[in-house]
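User: Could you take a close look at the surroundings of the ligand for me? I'd like to know what lines that spot and how it connects to the rest of the fold.

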Amino acid sequence: MRFLSCSKSAVLERLLYRSKATNTLGSLHLFNMLTQARTRNAQLDITGHLLYTEEVFVQCIEGPSASISSLWESLQRDERHYDIELLARSPVNERRFKEWSMAFSSYPSLNRFNMEGFFPVKRDGMNEAVERCAALD
Ligand SMILES: Cc1cc2nc3c(=O)[nH]c(=O)nc-3n(C[C@H](O)[C@H](O)[C@H](O)COP(=O)(O)O)c2cc1C
């Protein structure tokens with residue numbers, strides 16, 4: 001695809017937002033959502049991390065500027081979450097999650113399907129991936 005071949009030289013951006021889940025989500029719903037997201041992210045050359053705790057999402061997406069814009073528009077239309085608050089968007093030199101088309105952190109009980117790229121949070125809702133995702137530089 002022409003779009004993908006252009007993306008290598010495109011400006012790399014990182015976007016961070018927070019939102020509230022419309023409904024409480026279980027393991028199956030999250031597994032399906034992440035599976036679909038990872039497929040599209042691979043096509044868009046997007047990597048990142050999603051946190052889901054206490055019905056709040058915090059997501060970091062990184063990739064070519066045009067891909068970030070496209071996904072950001074989709075995310076803002078998605079009725080599975082609301083009160084979507086943009087926390088940061090800026091050009092970056094490096095990816096923080098280059099190994100994951102979307103890493104996912106949540107409570108261990110929400111990983112019934114043993115998905116790849118799942119990082120359990122500790123009691124305080126944190127782990128190393130969450131800290132990396134939320135760090136403002
Ligand atoms: C919290 C949350 C995170 C999401 N993360 C992604 C993602 O990383 N990549 C993705 O393609 N879709 C993600 N989605 C789904 C998109 O919002 C959207 O439904 C999907 O990209 C299809 O877009 P379209 O409706 O514009 O075709 C996420 C949805 C929610 C609620």
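Analyst: Of the 15 residues around the ligand, the ones that come nearest are Ala37, Arg40, Ser74, Asp78 and Arg80; a residue is near a molecule if its C-beta atom, placed from the backbone, lies within 6 Å of it. Keep in mind that this is a predicted model, where local features need pLDDT of at least 70, side-chain atom pairs count only at pLDDT 80 or more, and totals for chains, interfaces and linings use all residues. Residues are numbered from 1 along each chain as its sequence is written.

By type, the shell around the ligand divides into 8 nonpolar, 4 polar and 3 charged residues. Here Ala, Val, Leu, Ile, Met, Phe, Trp, Tyr, Cys and Pro count as nonpolar, Asp, Glu, Lys and Arg as charged, and the others, Gly among them, as polar.

Where does the shell come from? Helix 2 (27–44), strand 3 and helix 3 each supply at least two of its residues, and helix 2 gives the most, with 4 residues. Helices (H or I, at least four residues) and strands (E, at least two) are DSSP runs, numbered from the N terminus.

Two of those contributors meet directly. Helix 3 (residues 65–77) lies across strand 1, strand 3 (56–64) and strand 4, and runs at about 155° to strand 3. Contact means C-beta atoms, placed from the backbone, within 7 Å; axes are lines fitted to C-alpha atoms, for helices over the stretch in contact, with angles from 0 to 180 degrees between N-to-C directions.

Now the sheet itself: it's an open one of 6 strands in the order 4-1-3-2-5-6, with mixed pairing. Strand 4 (81–91) and strand 6 (118–120) are the edge strands, each pairing on one side only; two strands pair if DSSP finds at least two bridges between them. Neighbouring strands are turned by 15° against each other on average, direction ignored. Strand 1 (residues 12–21) and strand 4 run antiparallel and are joined by 8 bridges, with Leu16 standing opposite Ala88 in strand 4.

Phi is near 50° for Glu54 and about 60° for Glu55. Most residues other than glycine have a negative phi. Glu54 counts as exposed because it has 9 C-beta neighbours inside 10 Å, while Glu55, with 13, is partly exposed. The cut-offs within 10 Å are 20 or more other C-beta atoms for buried, 12 or fewer for exposed, and partly exposed in between, with C-beta atoms placed from the backbone.

Conventions:
Two residues are in contact if their C-beta atoms, placed from the backbone, lie within 7 Å.
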